[in-house]
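Me: Hi! Could you walk me through a structure I'm looking at? I'm new to this.
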Amino acid sequence: MHSLYPLFRPLLFAADPELAHEMVFAGLDAAARIGLAQLAAPRLAIAPVEAMGLRFPNRVGLAAGLDKNAEHLRGLASLGFGFLEAGTVTPRPQPGNPRPRMFRIVEAQAIINRLGFNNAGVERFVANVDRARYRGILGVNIGKNFDTPNVRAADDYIACLRAVHARASYVTINVSSPNTAGLRDLQDEAALDALLARLVQERDALSQRHGKRVPLVVKIAPDLDAGALHVIARLLIRHRIDGVVATNTTLARDGVEALPHAAEQGGLSGAPLRDRAIAVLRTLAAALDGALPIIAVGGVMSGNEAVERIRAGATLIQIYTGLIYRGPALVAECVRALASP
């Protein structure tokens, strides 16, 4: 599986990006069903790390967005990840934005997407998780439906939190996707303060009722300035949030300005996001001063870059676009780089 990806990549890259994803998942799912994916799984040293009250087998996770409906957990688990984050899921199913809505910028190892929280809804998501019988650490990334006004956004997040509570190892509150109109306004101080107050109250109530505490994590944008990051850090600490994912995709076009598809609307991910994501990570790490763990994501394209994120203050890392360009070998490379002393 790992060694074959470079052979198949030209074929996949000749197809529409969304179609290519579906083709890869079809193959991965079939391999997992017959046990081939598990046989081909890389032999990686266990390098556990404790964070958010959870024990991660290694520091390398899958970022949200690739498996929106938790349909491919068994196959993805065979690639060597220490944890998987599925979603973003919303209370009701929604189609997302019209196609085409995903564009490769191959010269820059980048992707622009404007998917818009396309997903089958939280009820289907939970059924998929149950069917997968995945036993590893599962993060569930939750959002609001596109037609839910921001004043009622908390109701959507709470509906998702309640629905996934029994299955999730942790839950990520996505307030930073650039592809749902107005969503990033929920990062503003007053809005985030109110939203976190409601969600933490619900987290604690669910914890008491079910005897299971599910950590809450907030995913932030890379386009925030230092002042906004310090405000968010204070709010995360005040509300006893368990972790933060830094960062989502960017609206900036640094490093791709003249390239084909650079003018497409949506969030940019991959190698050009690296410097911006690291800058946010460093500012956030300084502002939090160890109060809660940071999951670093955005432009991790090699094992060395994974190490760089840990040195800059992250506890865990996630990959997505790097997996598209490098294939499963990137997972093993990052795990090995972070496991070596």
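Me: What stands opposite Arg 104?
Reply: Opposite Arg 104 is Ile 111 in E6. Strand E6 spans residues 110–113 and runs antiparallel to E5, with 4 bridges joining them. Strands here are DSSP runs of at least two E residues, helices are runs of at least four H or I residues, and both are numbered from the N terminus. Two strands pair if DSSP finds at least two bridges between them.
Me: Where do the numbers come from?
Reply: This is a predicted model: local features need pLDDT of at least 70 and side-chain atom pairs count only at pLDDT 80 or more, while totals for chains, interfaces and linings use all residues. Residues are numbered from 1 along each chain as its sequence is written, and side-chain values use heavy atoms, leaving out hydrogens and water.
Me: Which strands are the edges of that sheet?
Reply: The edges are E5 and strand E11 (267–270), each pairing on one side only. The order of this open sheet is E5-E6-E11.
Me: New topic: how many residues of E7 are buried?
Reply: In E7 (residues 137–142), 6 of 6 are buried, where buried means under 20% relative accessible area and exposed over 50%, with partly exposed in between (1.4 Å probe, protein chains only). Ile 137, Gly 139 and Asn 141 point one way, and Leu 138, Val 140 and Ile 142 the other.
Me: What about H1, which residues are buried there?
Reply: Tyr 5, Leu 12 and Phe 13 are buried in H1. On the other side, Leu 7, Pro 10 and Leu 11 are exposed.
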